Amino acid sequence: MALSSRFRPFLRPVFRVSLRAQPRRALHLAPPWLLDDYVPRYHLISSIDAAKKRSLAYAHLRECNLCPRLCGVNRYEKTGVCLIGAEKVKVNTIAPHFGEEPCLQGHNGSGSVFFSGCNLRCVFCQNHDIAHQRNGFDLTPEELAEWYMKLQEVGRCHNINLVTPEHVVPQVVLSILHARELGLRLPIVYNTSAFDSLESLELLDGLVDIYLPDFKVWSNATSKRLLKADNYAATAMESIKAMHAQVGDLCFTGDGIAKKGVLVRHLVMPGKEDEGKEIVRWLAENVSKDMMVHIMEQYFPRAHVGKPRRGGKDAEVVEPGGVPAAEGAKVRYADINRPVDLKEVASVTQAAREAGLWRFVEAPKHGGFNI
Ligand code: SF4
């Protein structure tokens, strides 16, 4: 409808003023991954599907094959490789965490829950005291849900970040379903080694918003020797594909906080940059060139790496798994007993760019958000 000419003189100056007062904001937002608003996925599933997930979670605990260890134990009666039972999980720390990617920690921190125990046995574990030593306190799924509420209400965190949860997926499922009844509104981050099974990812479908998998090593010899796991890479590939099928590439709201999607981490290891290159090429060719990737440089020798060799000064060094160490080695895992070289990190990043990946967790070069 045309405006009456008597209003035009009044409208024009107002329009000009509003343009001057609100200049276009240069946020460098990429529309396909920009969300106007976000409702966590666990609020979108029906009460019938929620009930099915609850009963499936209990069934898995009675015969646990929820990770590739396939223990098949009734966790109400005995424990498997992960050493964690059915009714309670062991938690080391619950707190707002400021050591995560900027898009997860934001200004208030990522609401992190560090579970004790793990289904891998990485000899270089960077969280050795938590993952290998079962320190911490026991919580039921309901108590865990109440902690999520504290992270939301008191910590004002941006998300609930479940760190090393692969071995407690049924309890995590029950806790999320309970927390949605309590009024949780934060996205759920599943922060995993990627040594998951398709069954546990199916159980999590509809409850997790952000998958944050590591992709650690490529060759089976390396995974056997350093992770104490067979077929790690094959499992990680299958898991990351399933995660991406559920939630897609990483999406943000306009405040630069990630809300949904997959972010893959790769910790570059000394002397293993060729494995890193295989990993990033596989991601680009088989999952998505728009995958958000964090190529990490903070490897440092920890856990069993660099410890004195077993069996006395002159004994032959035989590492767990029966693998002989390099000739002349004085300490265990001498080949990875040093920080990673930044040139090694740069070569993996370059291989990722050449393969077509372009969304990296790194300092933005344009002064805006890196999304
Ligand atoms: S979650 Fe624990 S008990 Fe279940 S299969 Fe894995 S290691 Fe075994």
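Student: How many helices and strands does the protein have?
Tutor: The protein has 11 helices and 13 strands. These are DSSP runs numbered from the N terminus, with helices being H or I of at least four residues and strands being E of at least two. It's a predicted model, where local features need pLDDT of at least 70, side-chain atom pairs count only at pLDDT 80 or more, and totals for chains, interfaces and linings use all residues. Residues are numbered from 1 along each chain as its sequence is written, and side-chain values use heavy atoms, with hydrogens and water left out.

Student: What share of the residues is buried?
Tutor: Of the 371 residues in the protein, 52% are buried. Buried means under 20% relative accessible area, exposed over 50%, and partly exposed in between (1.4 Å probe, protein chains only).

Student: And among contacts between residues at least 6 apart in sequence, what share joins residues at least 24 apart?
Tutor: That share is 73% in the protein. A contact here is heavy atoms within 4.5 Å.

Student: Switching to the ligand: which residues are around it?
Tutor: C64, L66, C67, R69, L70, C71, R75, G80, V81, C82 and H167 are around the ligand, the cut-off being a heavy atom within 4 Å. By class, that shell has seven nonpolar, two polar and two charged residues. Ala, Val, Leu, Ile, Met, Phe, Trp, Tyr, Cys and Pro count as nonpolar, Asp, Glu, Lys and Arg as charged, and the others, Gly among them, as polar.

Student: L66 is on that list. Where does S200 lie, and what is S200 in contact with?
Tutor: S200 lies in helix 7, residues 198–204. Leaving aside neighbours within four places in sequence, S200 is in contact with L66 and V169.

Student: Why does S200 count as buried?
Tutor: Because its relative accessible area is 0%.

Student: What about L203?
Tutor: L203 is found in helix 7 too, and L203 counts as buried at 1% relative accessibility. Beyond neighbours within four places in sequence, its contacts are K53, L56, A57, H60, V169, P170 and V173. L203 and A57 are 146 residues apart in sequence and 7.5 Å apart in space, C-alpha to C-alpha.

Student: Last one: is R156 buried or exposed?
Tutor: R156 is exposed, with a relative accessible area of 57%. R156 sits in the loop between helix 5 (141–153) and strand 5 (160–163). With neighbours within four places in sequence left aside, R156 is in contact with N108 and L151.
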